[in-house]
Amino acid sequence: MNRLTEIPRSWLVVLAALFVCKAFAAEKTNPSTELFQSKVAPILEQHCVRCHYPGNEKGDVSLTTPEHLREGGYLTLRNGDQSYLLDLIQPSSNGEAPEMPKEAKPLNEAQVMAIREWVMQGAIWPEGMVLKEAAKADETWWSFQPLAHPVVPDVSDAPESWRQNPVDAFIHQGLRAQGLSHSPKADRGTLIRRLTYDLTGLPPTPEDVDAFVRSTDLDAYERLVDRLLASPHYGERWGRHWLDVVRFGESRGFERNEIIRNAWPFRDYVIRSFNEDKPLSRLIREHLAGDQLGPNDPDVEIGTTYLVCGPYDDVGNQDPAQAAQIRANTIDEIIRATSEAFLGLTVGCGRCHHHKFDPISQEDYYSWYATFAGVKHGSREIATDAQREARRLELQPLDEKRHELDKARQILESEILKRAESKSATYDAAWVRDPIERTGVEENLDQTKVRYVRLTVEGTERNPAGTSGYGIDEFEVWTPGTTGRNVAALEAGGSAQGASRIAEDFADAYSARLTIDGKYGARWIAQGPELTITLAEPTEVNRVFFSSDRVGDAGDHSVAAFISEYRIEVSLDGETWTRVADSHDRKPVNEAHRNHRWMSAEMTAEESARLKELRLEIASIDRSKRQVPDLPQWWAGNFSSIDDSSHVFIGGNPQRRGKEVVPASLTALNRVSGGYALAKETPEAERRLALADWLVDESNPLTPRVWANRIWQKHFGRGLVDTPSDFGFMGNQPSHPELLDWLAGQLVENGWRVKSMHKLLVMSQAYRQSSVMREEASRLDADSKWLWRFPPRRLSAEEIRDTMLQVSGLLQKDMGGPGFRLYRYLQDNVATYVPLDEHGPETYRRAVYHHNARAAVVDLMTEFDCPDPAFPAPKRASTTTPLQALTLLNHTFTLAMAQALADDLDRTAGDLDHSWIKEAFMRCYGRNPSDEELEQALAFKAKLGGPLFCRALFNANPFIHID
């Protein structure tokens, strides 16, 4: 008997455990292992791995694991103390600098000695240890820490008014630390203009200004705040901010940039959500998983448009590798938008390698890739159950009747074809010539003198009864003999006429002229059955040759769709025509063409009449069905199951799959937010919902910090963190970290509702300060980062346009629905957006309702820094350029608004010039003119007229700036 069988099983377990522990301890105490972990690994991570990592293997060597070093002989000792690795990092025998690290300082002597010692000790690399370049920031970075919940500072030395609002206490503390002091309170006229623009994006009316300035009520300001927050225009203003952040655009972008006509419901949903003060936690969850939170509830499902409202490439590359790369780019865009919008982190930088600056690994990135792998762009039906049922009941009898008629048609056609098939040999015998081919059709004619040649199409490849939609790249008419000439050619004086497909952005893109230009590739796309060639003069001809893909490079692509049946006629006078050739004796081009010929030849007059009757009845039912309103088709997230496992793409290349990953939270935040990791079999929808829930979990510190900062930024002109979508190492650190955490805590405590946050901020004395410049303070803090005054700002492009419309009395304040366009949209293979020179009354709505296409330059809007939605715009630029002045002075929109304002003032103020001027100032600037301004304005108007004076008002700084 084996003596091991006499040892109790429990003893074997203990002995095995002791053996493993001893082996592990031996590795831990191995001098080479300790040397590697303490000295060598940090050297490689700091100096080498940034270039030599999987996917970027400079010199075909990765130093994240030992395989390449061992396989390449880098660690093999020679002469006792040398190796190829050591050769690379130490000076050569003739004193030349080391080859590695490239483009960096050589390793110092101590570092080289450490690597030498490690190599000589056997170059032990602990099993499973993978090196990576150390990020500049780690889990101890400020933004990865839990919310601090700071105590409001004691500011007993501050004025009484600055001790009422906790926001003021934090600001006062910061001012005091910087040796600064706050500014006096702004006057009431300034405050109502500032606040009204801030909360609604519109100027206050003269009546509102007058009432507020005259009021003696101590609570007048708070009541004004409450009224503006309750205004529906609040959602239009703050919804626009969020649409900037989430890169909402209404065209697809990339080279085709086709317009998207049905994304506007998302814009309306965002505006409605802000007006309803929907909790931000709910908004975020609806953005990522609205289809799960409210299935068949359009007001919730439309939130998923967020996922697909960015640009995407829809060209449809046929190469599988390129298609995979395009798909990876599409998901990358969603990952970047989501991480930057909600967390203020650039997770997208982990696509090809570990993040260089933040503690975000490639595994983190591809865990999110696994989360969004089932998201697809496109339109889909979004409706309530009641809407679906009502439509089904309306269509059901029509569908049943159509099915009955279609079945009768199919039976009759089948009987005719069955008879024809029994005679197929007879029919086939009549079709003696080769079928039509795209690369060329030749007809040899009896020599005859002609001036006109006409091709009449009787059928096409795609529709044997169709007579349009085909293409012809060249049509040639040849003279007899070995030196025959193509007399149809343009260069021979020929011309071509035929109804053509219209491309508005390029009038001749598909014209009949292309059939005789001597070039292949570009085609006439026919919109009718006839092509007529006119020769320069009557000429003897004997051959015709025409094609749709002469060189054969289109294959079976629909771009070169050709004809299936034709006849050719000639004429000398263009009146009397003679048939000289046709395709009726050619073999059919496909089965549908063959069946069409059989049907035409075989059916009787009675059968023909019955088929016509059935088709007319079917067409009538189809018309009735089209009158039943379709269910809404909205641009929103489309979702498909994820059947494949997810992997890291080495170097970001979908063709190089690395480690398997599962949907999970960001590792660096797991310590403070709990985190999650799902099984790889988790259904697609559950992945998105898990991420959404993690983003708004109360333990996640980044989401409320980022949101609190965004709200602050829009009120004070700059965020407490001035890089609102980057809270990582490359972003700025907070100017008031305690205030930021306190505000983030308040946001969560108040149920993630933002209106209470708005009120808290605008009720503060910091917000109500004057914006007057103080030279001494500006030397210490030129940008007013510490808020020693309220930072003045220029109006946004939307505010400038909306203000012109409002003060002129033309602004239409109807909300929602499809947007208007300040461009003419032209589309063929690509889209073109041509700015309108004239902006008609149909465009006199708030700019948030403009159909915001990508790469569409819009006068006034673009000049004043309205961002292109090709990318998120967390912070608007505010430039000063000559084009802005020229646009405000000379654009037709400006001229129209100036004229409308002058006309409206004529109606309200009449001939009373003093009243006219004062009303103009109140509308445009929210104040009365000074005595000097009044005197100058009266003289200006008297000399140059009211419309020109109104143009001058639009061009003055007080019109486009807020103090």
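1. Let's start inside the protein: the second largest cavity has a volume of about 60 Å³. On a 1 Å grid over the protein atoms alone, a cavity is a set of points where a 1.4 Å probe fits but cannot get out, and lining residues have an atom within 4 Å of a point. Grid points are joined across faces, edges and corners, and the volume is the space filled by probe spheres set on the points.

2. A word on what you are looking at: this is a predicted model, in which local features need pLDDT of at least 70 and side-chain atom pairs count only at pLDDT 80 or more, while totals for chains, interfaces and linings use all residues. Residues are numbered from 1 along each chain as its sequence is written, and side-chain values use heavy atoms, with hydrogens and water left out.

3. Which residues line the second largest cavity? Among them are Arg 240, Asp 244, Arg 247, Phe 248, Cys 866 and Phe 871. By class, this lining has seven nonpolar, one polar and four charged residues. Here Ala, Val, Leu, Ile, Met, Phe, Trp, Tyr, Cys and Pro count as nonpolar, Asp, Glu, Lys and Arg as charged, and the others, Gly among them, as polar.

4. The largest cavity holds about 100 Å³ of space. Its lining includes Trp 238, Trp 242, Phe 274, Trp 707 and Pro 874. Two elements give two or more residues to this lining, α10 (232–245) and α23 (702–716), and α23 gives the most, with five residues. Helices (H or I, at least four residues) and strands (E, at least two) are DSSP runs, numbered from the N terminus.

5. Now for the pockets, which are open sets with protein on both sides within 12 Å along at least five of seven lines. The largest pocket has a volume of about 820 Å³. Of the 36 residues that line the largest pocket, the closest to its centre are Gly 717, Arg 793, Arg 794, Arg 876 and Ser 878. Helix α10 turns up again, with the largest share of the lining of the largest pocket, five residues. That lining divides into 10 nonpolar, eight polar and 18 charged residues.

6. On to aromatic rings: the whole structure has 32 aromatic pairs. Rings of Phe, Tyr and Trp (its six-membered ring) pair if their centres lie within 6.5 Å; planes under 30 degrees apart count as stacked, over 60 as edge-to-face and the rest as tilted. The planes of Tyr 312 and Trp 635 stand at 45° with the ring centres 6.1 Å apart, so this pair is tilted. Tyr 312 and Trp 635 lie 323 residues apart in the chain, and both are buried (under 20% relative accessible area, with exposed over 50% and partly exposed in between; 1.4 Å probe, protein chains only).

7. Phe 475 and Phe 546 make a stacked pair, 5.2 Å centre to centre with 20° between the planes. Phe 475 belongs to strand β7 (residues 474–478) and Phe 546 to strand β10 (residues 530–547). Both Phe 475 and Phe 546 are buried.
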